[in-house]
Amino acid sequence: MISRRNFLSRWLGAMSVVCTEMFLRPLMGRADTDHFTGTDFVGKTRAGKYETFYINYWKPMRRIKPEKWKLEVRGLCKNPGTFSIEDIKSLPVKTRTSRLKCVECWSARARWQGFSIQDLEEKVAPHPQAAGVLFHCADTYQEYLPRESLMREETLLAYNMDGKPLTDEHGFPLRVIVPFKYGYKNPKAILIMEYVDDVKAGTWSKIGPYSMDGTILPGYDHPVDLDKKARRISGGEIRDY
């Protein structure tokens, strides 16, 4: 026969498990905000409102002050120069709705607004030997994209997201959207565009197992802005959802 003391001990143990599973565990796995909100810095997070569009940065960085930001265009071009936010917003406006697919297997869709590189190149006039652009970002991240990819209709140099200026988390004031390549080929918080004559390895391609090309391969995707359930994808831009 079970003693009163043993019965009470078992009952308390069971209630402890129930309380942990029902109340504490959901709180332990979820945060209402990230470590950077309210600070001068921005960095990788999946907390709070970013649960439906994850934020990845190479390393935490100080937030960019719009009045001090200038886009520098240099390298193999006839007219290198700098451009303010007002300068880039004076270029013909293009809008694209596309899904950003991360190599970590998640994705999220947004409506992007910005300009095409062709309109910028009318001003800077790249030399014929300029094969691509090496992007230098505020978090010291670097990524290379060939001009062929940058000139495709789907590609955009974006400064707005879902009708509003890019937030610091999503790459203020300027980022690249190349929807047929993984997210690491979509650099953000861009400071410098450097025209170069040969393929360059980006940051992740130098230190990680990621390809220099970065084209989305057939496999699976978990859209975090939908139900996160695995969906089969055929490779290239995700257009089905």
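## Ser116 and its surroundings

The side chains of Ser116 and Lys94 are joined by a polar contact of 3.5 Å (a pair of N or O atoms within 3.5 Å; within protein, one must be able to donate a hydrogen and the other to accept it, and residues adjacent in sequence count only if both atoms are side-chain atoms). Keep in mind that this is a predicted model, where local features need pLDDT of at least 70, side-chain atom pairs count only at pLDDT 80 or more, and totals for chains, interfaces and linings use all residues. Residues are numbered from 1 along each chain as its sequence is written, and side-chain values use heavy atoms, with hydrogens and water left out.

Ser116 sits in the loop between E6 and H3 (helices, H or I, are DSSP runs of at least four residues and strands, E, of at least two, numbered from the N terminus). Because its relative accessible area is 9%, Ser116 is buried (under 20%, with exposed over 50% and partly exposed in between, using a 1.4 Å probe and protein chains only).

Helix H3 spans residues 117-124, and its buried residues include Ile117, Leu120 and Val124. After H3 comes Ala125, with a positive phi near 55°.

Ser149 belongs to helix H4, residues 147-150. Its relative accessibility is 8%, so Ser149 counts as buried. Setting aside residues up to four places away in sequence, Ser149 touches Thr155, Phe180 and Lys181 (contact means heavy atoms within 4.5 Å).

## The nonpolar core

The largest nonpolar core has 56 residues, and Leu71, Val73, Trp112, Phe135 and Met193 touch the most other members (such a core is a set of buried Ala, Val, Leu, Ile, Met, Phe, Trp, Tyr and Cys residues joined through side-chain atoms within 4.5 Å). At least two residues of this core come from each of several elements, among them strand E3 (71-75), helix H2 (85-89), H3 and strand E12 (190-196).

Beyond neighbours within four places in sequence, the contacts of Leu71 include Phe83, Ile88, Leu174, Ile190 and Met193.

The largest pocket holds about 440 Å³ of space. Its lining has 25 residues, with Asn56, Tyr57, Tyr184, Lys188 and Trp204 nearest its centre. A pocket here is an open set of points on a 1 Å grid over the protein atoms alone, where a 1.4 Å probe fits, with protein on both sides within 12 Å along at least five of seven lines; lining residues have an atom within 4 Å of a point.

The second largest pocket has a volume of about 270 Å³. Among its 14 lining residues, Tyr50, Met161, Asp162, Thr167 and His170 lie nearest the centre.

Notes: Grid points are joined across faces, edges and corners, and a volume is the space filled by probe spheres set on the points.
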